[in-house]
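Here are a few exercises to work through with the model open beside you. Try each task before you read its solution.

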Amino acid sequence: MNSSSVYIVIVTYNPKKWIDQCFSSLRNSTIPLKTIVIDNGSTDGSQLIIQEKYPEVDFIEAKQNLGFGKGNNIGIRKAYDAGADFVFLLNQDAWIENNTIEKLVEVANQNPEFGIISPMHLNGSGSTLDYNFSYYIATGLSKTLFSDMYLNTYENKIYSQKFVNAAAWLITRKCIENVGGFSPSFFHYSEDDNYCQRVLYHGFKIGVVPMVKIYHDRDSTKKGVYFTDFKLNFKREMIAELSNPHKMDVLKFLFRRVRIQDWKDTIVKLKIIRTIDFKSIVRNKKLSKIKGQTFL
C-alpha cells in the first residue's frame, strides 16, 4: 500500500456540468486523496453543490477571478504546507480512473528525476486522445513513445517531453521546493508553458505515462479568445517569450517580432507592446530562475 500523501488541486469557474464526474472519480481512487478547490467566482451555483455533495473537499472561495495560475498557487501552497508528497493539478472538466493517481505515484517514486508526470489524456467519451494533448506529445522529445504504444511495450514506462498541458499534472514535492508555483505574469493560458520551461531549467524532467489515463471533456475545435483575438494572442505570446528562462536577448526578440513588413501591422504591434509591464515580467523571470518556492 502506497503511503504517499497526495493532494488534488482544482481551480473552478462555472464547473456545474462536470461536478459529479470529476469529484466522484476522486472518491473512487484506489489510494486516499485530499482535495482542495479554489473557486474563481462561479455564477452557476456550483459552490453550494460542491460543498453539500462533497463535504470532504477543502473549498476556498476567491473574492475575484484570480486566473488559472494564481488560483492553483493557493492550492499548491496549502497542500505543501500540509505535508503533501505530491500535488495533482486537475482541470474542472476532467476526471480520473480508479487507479490513475496510484499508478502515477508509483512511477514518480521510481523516477525521482521527473518533476511533472502526466497520464494520457483521452477525450470526454474515451473514444480518442484529447486532440491538443495528442499534438503536444507528438511534438515532444520522446523518440520511442508512439513506437512502444503501437507495439504495446509501454507498461510501467515513462517518456520525457518538453511540454504537457496542465490539465492533469502530478507535481513532486521536490519540484515545488525548487521551481515553486505559476508565474504571476500570466492570467490565463501559457502559464503551463512557462512552468514547464522552468521545470526543465531547474534540472527536472517532464514525462507522460501511457499506461495511465484521465478523461478531459473539452471541445477541441474551439479556441479561447486569447488565441483567436489577434491583439490578445500577440500579447500572450510576447509575455510567454519574454518570461522564458532559457532565452536572454529581449531586444533581439522584440525586433524580430515587430520588424517592418506592413506599417499598419507594425503600428498595432507597437501599441500592444506599450501595454506590457516589462519591469514586472523581467522581475518575475529573474525570480523564476532562483531555486525555491517562488510565487507561492
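**Exercise 1.** Which residues line the second largest pocket?

Some ground rules: this is a predicted model, where local features need pLDDT of at least 70, side-chain atom pairs count only at pLDDT 80 or more, and totals for chains, interfaces and linings use all residues. Residues are numbered from 1 along each chain as its sequence is written, and side-chain values use heavy atoms, with hydrogens and water left out.

*Solution.* 
- Step 1: the lining consists of Lys162, Phe163, Asp193, Cys196, Gln197, Leu200, Ala240, Glu241, Asn244, His246 and Lys247. (On a 1 Å grid over the protein atoms alone, a pocket is an open set of points where a 1.4 Å probe fits, with protein on both sides within 12 Å along at least five of seven lines; lining residues have an atom within 4 Å of a point.)
- Step 2: α8 (191-201) and α10 (230-243) each give two or more of these residues, and α8 gives the most, with four. (Helices are DSSP runs of H or I, at least four residues, numbered from the N terminus; strands are E runs of at least two.)

**Exercise 2.** Find the buried residues of helix α5 (residues 131-138) and say how they are arranged.

*Solution.* 
- Step 1: pick out Asn132, Phe133 and Ile137 as buried (under 20% relative accessible area with a 1.4 Å probe, protein chains only; exposed is over 50%, partly exposed in between).
- Step 2: look down the axis of α5; its buried residues fall within an arc of 130°, so they line one face of the helix. (The arc is that of the directions from the helix axis to the C-beta atoms.)
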